[in-house]
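Here are my notes on the two-chain model, point by point. Have the coordinates open while you read.

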Amino acid sequence: MDDSYFNEDDIKAPAWDSGLAWRMWPYLRVWRSHFIVAVVLVLLGTAVHIGLPLILGKAVDLGIKGKDYGLLLHYVILYAAGHTAVFVLSAARSWLLQYTGQRVLHDLRNALFTHIQKLPISFFDRTPVGRLVTRITNDVATLAELFSAALINVSSEICILFGIGGMMLALHFKLGLAALITTPGLFYIAWFLKVKMRDAFRLARAKLATMNASLAENVSGMSVIHIFNQEPAREAKFDQMNLELRDAELTSVFYNSFFVPAVTVFTAITLTVVIVYGGWLVSRNEISMGLLITFIAYTQAFFDPVRQISEKISVFQSAMASAERVFALIDEQPEPDLLAGEEFKTLHEGIEFRNLNFAYTPDKPVLKGLSFKIRKGERLAIVGHTGAGKTTLASLLKRFYDYQDGDILIDGVDLRKFSRTSLRLKIGLIQQDVNIFSGTLLENIFLADDRFDNQKFDNIIKELEMESLISKLPEGINTQIYERGSNISAGQRQLIAFSRALATDPEILILDEATSSVDSETEAIIQKAVQRLTSQRTSLIIAHRLSTIRNCDRILVLHNGRLVEQGSHEELLAAKGHYHKLYELQFSSNGGN
Amino acid sequence: MTLQAENHPTPQQFTVQLLAPYKKYLLYGMASLIIVDVADIMPPVILKYAIDSIERGQNFATLAWCGLALLLTAAIQGVFRFFWRQFFLGTSHNSVYDLRKALFAHLLKLPFHYFSRTRTGDIMSRLTNDIQEIRFMLGIGILVVLDASFYFLTVPFIMLWLSPKLTLITMTPFIMIPVMVVMVKNSIHNRSRDVQARLSDLSSRAEENLSGVRVIKGFRIEESEISRFNRCGLEFVRDKIKLANIESLFHPALDLVVAFGMVVLLYFGGNMVIAGGITLGSFIALESYMLKLSWPMMAIGWIINIYQRSMASMERCLQILREPPATAADQQQTEPTGTGAAIEVSDLSFTYPEAAQPGLKNISFKLGEGQTLGITGPVGSGKSTLLRLLMKMFHPGSGQIKIGNVDVAQIPLKSLRELFAYVPQETFLFSESIRENILFSQENKDQPDVARSFADRAGLGSDLRDFPDGLETMLGERGVNLSGGQKQRVSLARALAAARPILILDDCTSAVDTETEQKILASLRQNARRSTCIIVSHRMVSLQNADLIIYLDNGEIAEMGTHQQLLEKNGRYARAWQRQRLKAELEKS
Ligand SMILES: Nc1ncnc2c1ncn2[C@@H]1O[C@H](COP(=O)(O)OP(=O)(O)OP(=O)(O)O)[C@@H](O)[C@H]1O
Ligand SMILES: Nc1ncnc2c1ncn2[C@@H]1O[C@H](COP(=O)(O)OP(=O)(O)OP(=O)(O)O)[C@@H](O)[C@H]1O
Ligand SMILES: [Mg+2]
Ligand SMILES: [Mg+2]
């Protein structure tokens with residue numbers, strides 16, 4: 001498993017909590033007024049909370065011990081009012097925190113998603129989808145728990161802690177000091193376990209992403225698994241990841257289990273100190289019995305938030321582990337501004353490739369010193385062996401990747417001077433790998449709601465003679481197509497991809513094996529349609545089937561990233577080179593009879 | 001581990017099943033919990049003695065003993081609190097591990113159709129987000145239930161022992177609790193179910209968007225995708241807030257009930273102390289016990305919340321487990337007695353679930369062992385559908401398919417699939433090395449030479465030499481770092497390496513050039529002497545040597561025969577052939 005593409009890249013950033021907290025600030029800032037209200041509610045709640053034992057102590061001292069029924073009733077009413085106030089305040093606080101927490105989470109999730117949309121294709125080449133989905137959903141949710149539950153609650157608890165601590169010191173400095181003497185030890189333990197827990201959570205988050213990515217892949221490739229009867233092998237592989245996830249989680253449980261016991265022991269130590277020392281003070285009449293009772297109540301009240309905080313430490317640590325991952329993704333370098341640069345409107349002269357070199361990975365050049373021109377209005381065909389670099393060429397024109405060396409010039413201007421948006425919109429590419437989304441036919445053709453155009457839709461359907469396709473679908477054009485178009489045939493998917501490109505009115509049309517999965521009758525229809533719809537346009541047709549390119553003005557033969565031949569069909573046949581060989585194979589040999 | 005949902009257990013029953021293997025740990029956990037709780041109810045009593053002794057102005061030794069007793073109870077608590085967490089939380093992680101395992105194992109059994117209509121993101125969400133909710137219940141949830149019930153079963157009695165009258169008065173506000181619980185129970189369940197469904201939507205949206213990123217970028221629809229995602233997110237937030245509305249009232253309300261108990265206690269208890277009915281120590285102890293009850297009270301709210309949420313999630317996991325597996329249709333588990341790979345299809349008809357029109361109508365043909373069948377026909381004519389039926393990815397509506405003279409309905413799915421090697425029309429590769437992909441069906445994946453020989457036969461040899469890492473090249477998801485043709489050939493090599501009696505190629509050379517295609521076909525022809533072969537293609541030349549060619553149109557066999565016969569028939573096949581030939585002629589002239 002060590003070499004798997006799914007293994008999460010370790011995030012080893014020093015990950016200062018304060019640094020991460022600082023990075024979350026922008027998302028919190030938007031909701032700061034909500035948070036301020038929440039904090040006010042928390043402070044009020046804390047004040048009342050701290051006041052309650054005081055009332056209780058007074059009630060005991062003055063009411064009960066003073067045998068004053070009236071005064072007792074007076075304190076009882078105060079006590080009831082205090083509790084009611086706590087109810088109102090905590091309901092309001094709880095709602096507000098949930099609300100604000102969800103909003104912060106929503107903003108963060110959107111920010112993450114938006115950022116991911118801006119990342120370059122090369123990022124997606126190396127990152128499994130499942131891992132990204134895990135970050136967008138699970139990691140962000142874990143982080144959100146910090147805002148909705150932990151952050152403010154812990155700060156309220158810290159307030160209570162300080163309030164009670166201060167109160168104890170104020171009421172009786174020595175007894176207060178004695179009560180607080182053990183706290184540093186507790187902090188030390190907390191700090192030690194925190195580090196351990198963070199490591200465990202990091203591992204667990206990474207394993208979750210790995211498992212999720214593998215799950216997504218297995219689900220997508222289920223039919224292949226079935227056909228090759230590989231269920232047991234896949235199950236074993238998944239089990240491995242599942243186990244690793246469980247073990248990572250168990251490690252975090254192990255460290256987590258130390259906290260609360262530690263708090264229990266410290267509570268008892270402190271309580272003992274208070275009773276023994278306080279009892280001694282009472283016996284020497286230095287303090288009243290009521291004060292001792294107040295102190296006992298405070299000691300218990302003091303360790304309650306300590307326990308709450310220690311329960312939250314695991315939330316904090318897992319949130320931090322998630323935050324690291326979320327922000328690592330936000331730190332990924334996005335593509336430069338898609339709108340920056342000149343707008344590409346129309347092609348006047350043509351496109352020129354000049355000595356273009358490109359490699360996906362440094363050790364394997366794909367395009368090697370490629371030079372050629374496409375004139376405006378020309379239909380240029382590119383043929384060549386599989387893996388020759390044809391799709392790559394199309395991707396470069398769409399600026400999916402940046403080329404290292406050489407130039408692509410549009411009307412003599414460097415391609416890189418134009419904005420990516422205009423290039424991507426004006427260069428229509430029908431990709432070799434068709435991707436259909438779940439949704440209706442209309443949605444799949446126009447992709448974005450604001451581009452829907454029924455007129456155009458009817459036109460495309462007519463031109464491509466897709467009526468028969470539509471009539472076969474149970475609900476016509478409103479039929480829901482499933483994820484990846486799994487309920488339509490491969491050729492039908494290709495037709496949809498085709499209509500998609502036509503719907504954008506591209507200036508330059510690139511067909512990358514756009515008719516590879518359709519029969520020749522349909523292909524003829526498509527060709528006619530393309531001819532009509534793009535008669536004035538420039539087109540680049542990549543195809544293996546030579547019949548597909550027979551109407552092209554010029555043919556380039558690409559071999560191993562180099563241009564080996566170019567010319568018209570006749571010229572190339574006469575030259576008796578690569579093209580001639582391909583041609584012979586396809587048409588003359590009758591399949592090697 | 002046999003977690004199954006065939007007899008339709010309820011979420012509750014299933015939870016019990018899930019926990020059953022860990023009974024032992026739960027018992028240990030429960031024992032630890034009782035020890036902890038017993039130790040935990042001691043301190044107020046100790047406190048009572050301490051205070052009463054201070055009141056009476058007794059000597060210091062009693063105080064010291066009380067302190068020691070406190071420390072002892074704390075030490076016991078400390079140790080066992082550690083164990084209780086280990087046992088309960090550990091069990092929860094173990095149980096969800098089992099659940100995830102069972103879910104995945106079940107997914108592996110589900111039929112083709114399930115995956116075509118189910119969104120990947122939805123499945124992912126159920127296996128992570130829903131399982132998370134369930135884990136919460138199984139871990140902290142159970143712990144808290146037991147803990148709270150312990151307090152409910154003990155503390156009131158101690159209080160009764162301290163002062164029956166006062167305790168009864170104090171407890172009156174507690175009548176409110178069952179009323180409140182009944183009020184919120186269902187709404188938490190339903191709202192939580194909605195939240196989980198929204199979460200599934202979010203993750204599906206993200207999953208689909210990211211898988212189609214080249215289209216998204218190519219058509220510059222990032223903004224529209226972002227706003228769609230945003231809408232999904234807002235719906236999620238809306239439902240989540242609906243849930244929060246209940247939760248944020250419910251929990252403080254429970255606290256309030258306890259608080260009123262304390263108010264009542266203070267008033268009546270205070271009066272009783274003044275009147276001399278009870279000691280001040282007892283009063284303080286009662287007050288402490290009331291405080292102790294406030295935690296289990298809070299716990300009730302929490303448990304009800306977590307319980308309802310987890311049951312909603314469990315239901316969603318059970319939905320997967322209840323899907324009938326593909327093998328459910330196996331009529332018998334005995335191996336077929338027939339031999340060979342001859343195929344006979346008679347009067348086969350089929351309609352996709354939810355489809356308007358039949359996908360296949362009255363298909364009949366015979367193919368001898370070792371023969372090659374070619375299938376061609378227009379887009380959407382049912383070619384891939386026919387292949388799917390042969391491999392029993394769907395069940396025929398009517399008619400019969402026989403392989404080796406046995407009705408496929410009689411052949412258990414697993415043995416049936418041992419007969420086929422398949423190159424699907426849409427290539428799917430795993431993100432593993434090329435070697436592992438080629439040797440996908442092999443036990444031993446560590447045979448580079450074998451992998452290489454199959455790669456060569458699939459015409460992939462020369463490409464591999466160009467890759468710096470050769471066979472060990474790691475593929476990205478779905479093989480993104482290969483060219484279209486390379487992917488197709490890896491898929492072909494994978495099928496060849498499986499070496500099964502029937503080889504099915506669904507348009508498997510659509511993305512390769514003619515030269516490579518010819519090489520592949522030649523190597524297949526060699527291979528075909530051993531296996532029965534079914535080739536679907538739009539390129540007529542690939543089919544012309546087949547023993548039988550079927551021209552499908554609209555789900556029906558329009559024409560059938562050998563290449564020669566079909567040409568003589570001068571029908572649609574001949575016309576299609578001519579069209580491809582004609583081009584050649586035209587181009588030659
Ligand atoms: N994203 C990528 N990362 C790394 N290498 C890649 C990537 N995409 C393609 N390649 C490699 O670059 C080379 C050219 O691929 P390209 O897809 O351009 O070929 P092609 O000419 O379109 O082939 P085909 O006819 O098979 O579609 C191939 O060797 C391929 O393995
Ligand atoms: N899962 C499905 N659910 C419903 N209808 C389907 C499903 N899969 C395919 N169809 C429909 O059944 C018909 C036949 O599809 P099939 O995939 O068999 O076509 P094909 O002959 O293989 O076409 P192509 O040449 O495009 O691959 C099509 O009209 C298609 O829309
Ligand atoms: Mg390509
Ligand atoms: Mg098909």
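1. Seven residues of domain 2 of chain B are in contact with eight residues of domain 3 of chain B, where contact means that the C-beta atoms, placed from the backbone, lie within 7 Å. On the domain 2 side, that gives four nonpolar, one polar and two charged residues. For these classes, Ala, Val, Leu, Ile, Met, Phe, Trp, Tyr, Cys and Pro count as nonpolar, Asp, Glu, Lys and Arg as charged, and the others, Gly among them, as polar.

2. A word on ground rules. This is a predicted model, in which local features need pLDDT of at least 70 and side-chain atom pairs count only at pLDDT 80 or more, while totals for chains, interfaces and linings use all residues. Residues are numbered from 1 along each chain as its sequence is written, with chains lettered from A and ligands numbered from 1 in the order in which they are written.

3. Chain A is assigned domain 1 (17-330) and domain 2 (350-588), and their centres, over C-alpha atoms, are 55 Å apart. The C-alpha atoms of chain A fill a box of roughly 120 × 50 × 50 Å along the principal axes. Its radius of gyration is 35 Å, whereas a compact globule of 593 residues would have one near 25 Å (taken over C-alpha atoms; the globule rule is 2.2 Å times the number of residues to the power 0.38).

4. Chain A has 19 helices and 10 strands (DSSP runs numbered from the N terminus: helices are H or I with at least four residues, strands E with at least two). Six of the strands make an open, mixed sheet in the order E6-E7-E8-E3-E9-E10, where pairing takes at least two DSSP bridges. The edges are E6 (427-430) and E10 (562-567) of chain A, each pairing on one side only. Parallel strands E3 (residues 379-384) and E8 (residues 538-542) of chain A are joined by four bridges; Ala381(A) has Ile541(A) as its bridge partner in E8(A).

5. What does the contact between the chains take from each? It takes 152 residues from chain B and 149 residues from chain A. Helix H3 (residues 60-109) of chain B supplies the largest share of the chain B side, 28 residues. That side of chain B has 73 nonpolar, 49 polar and 30 charged residues.

6. Ligand 1 lies between chains A and B. Of the 20 residues around ligand 1, the nearest are Tyr360(A), Thr386(A), Thr391(A), Ser483(B) and Gly485(B) (near means a C-beta atom, placed from the backbone, within 6 Å). The shell around ligand 1 has six nonpolar, 12 polar and two charged residues.

7. Why is the ligand 2 site shared between chains? Because residues from chains A and B surround ligand 2. Among its 22 residues, Ser489(A), Gly491(A), Tyr352(B), Ser384(B) and Thr385(B) come nearest. Helix H16 (490-503) of chain A and helix H11 (383-390) of chain B are the elements giving two or more residues to this shell. The shell around ligand 2 divides into five nonpolar, 15 polar and two charged residues.

Notes: Two residues are in contact if their C-beta atoms, placed from the backbone, lie within 7 Å. Domain bounds come from an automatic or database domain assignment.
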